[in-house]
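These are my notebook entries from a first reading of this structure.

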Amino acid sequence: MTNLVLTRAALGRETTVARSAALAVAGSLLIALCAKIQVPMWPVPVTMQTFAVLLIGLAYGSRLGTATVALYLAQGAVGLPVFAAGGGIAYLAGPTAGYLLGYLPAVALVGWLAERGWSRPAGTVFLAMLLGSAVIYLCGAGWLSVLVGPEKAVTLGVVPFLLGDVVKAALAAALLPVAWRLLSRF
């Protein structure tokens, strides 16, 4: 049976603890870097943070992807400036807490889908990215609605970001099949 997760296909099915740790650190750094990248869009600029989170799920699978995102959140919680606007435990209790914590079930879902072959065809990559984004929105808007009410949570915390997430899903759908093709050549 062909390996369905990109990193396992590239590095071998049996991954050592050291290799997994290195991948988790590299992935957490990628998320931190992407959190700082702002793409000007209408009606609000978007960061590439969720793109990196969900892409890691598709490339790493559910367990390593979840561990990577947990490491990223821990880095932010202890004060490293890995989030879009800094770091510290306050981010995990403030208005963005639900979105940040929503990364964990989202990466787990997307990683689980990757383990079932969803990281190869462009259509399933696109759909997996949208499903992961929906999980993040559910968690984020759910928490935000406690602070500002459900209508404002959707108006301010979901609607402005929908177009950006569709673009990110399309970008992932273009990149991952290419990565698989390149891997098959080597």
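Before the first entry I note the term for handedness: a crossing is right-handed if the near helix is turned clockwise from the far one by less than a right angle, and left-handed if anticlockwise. I also keep in mind throughout that this is a predicted model.

Entry 1, α2 and α3. I looked up how helix α2, residues 17–36, lies against helix α3, residues 49–60, and found that they pack at an angle of about 155°, with their axes 7 Å apart. Angles over 145 degrees count as roughly antiparallel, and α2 and α3 are therefore roughly antiparallel to each other. The crossing of α2 past α3 is right-handed. On the α2 side I listed Leu23, Ala24, Gly27, Leu30, Ile31, Cys34 and Ala35 as making the contact, and on the α3 side Gln49, Ala52, Val53, Ile56 and Tyr60. Sorted by class, this contact of α2 with α3 holds 10 nonpolar and 2 polar residues, with no charged residues.

I then turned to helix α4, residues 62–77, whose axis comes within 8 Å of that of α2, the two crossing at roughly 55°. That angle makes α2 oblique to α4. Here, too, I recorded a right-handed crossing, with α2 passing α4. From α2, the residues Ser20, Leu23, Ala24, Val25, Gly27, Ser28, Ile31, Ala32 and Ala35 meet Leu64, Thr68, Val69, Leu71, Tyr72 and Gln75 of α4. The contact of α2 with α4 divides into 10 nonpolar, 5 polar and no charged residues.

How many disulfides does a search of the whole structure find? The search returned 0 disulfides. Looking at accessibility, I noted that Cys34 has a relative accessible area of 9% and is buried, whereas Cys139, at 30% relative accessibility, counts as partly exposed.

I located Ser133 in helix α6, residues 122–148. Its relative accessible area is 6%, so Ser133 is buried. When I left aside the neighbours within four places in sequence, I found Ser133 in contact with Leu54 and Asp165.

Methods:
Residues numbered from 1 in each chain as written. Predicted model: local features only at pLDDT ≥ 70, side-chain atom pairs only at ≥ 80, totals over all residues. Heavy atoms only, no water. Axes fitted to C-alpha atoms, helices over the stretch in contact; angles between N-to-C directions. Helix = DSSP H or I, 4+ residues; strand = E, 2+ residues; numbered from the N terminus. Parallel < 35°, antiparallel > 145°, perpendicular 65-115°, else oblique. Contact = heavy atoms within 4.5 Å. Nonpolar A, V, L, I, M, F, W, Y, C, P; charged D, E, K, R; others polar. Disulfide = S-S within 2.5 Å. Buried < 20%, exposed > 50% of the residue type's maximum accessible area, 1.4 Å probe, protein only.
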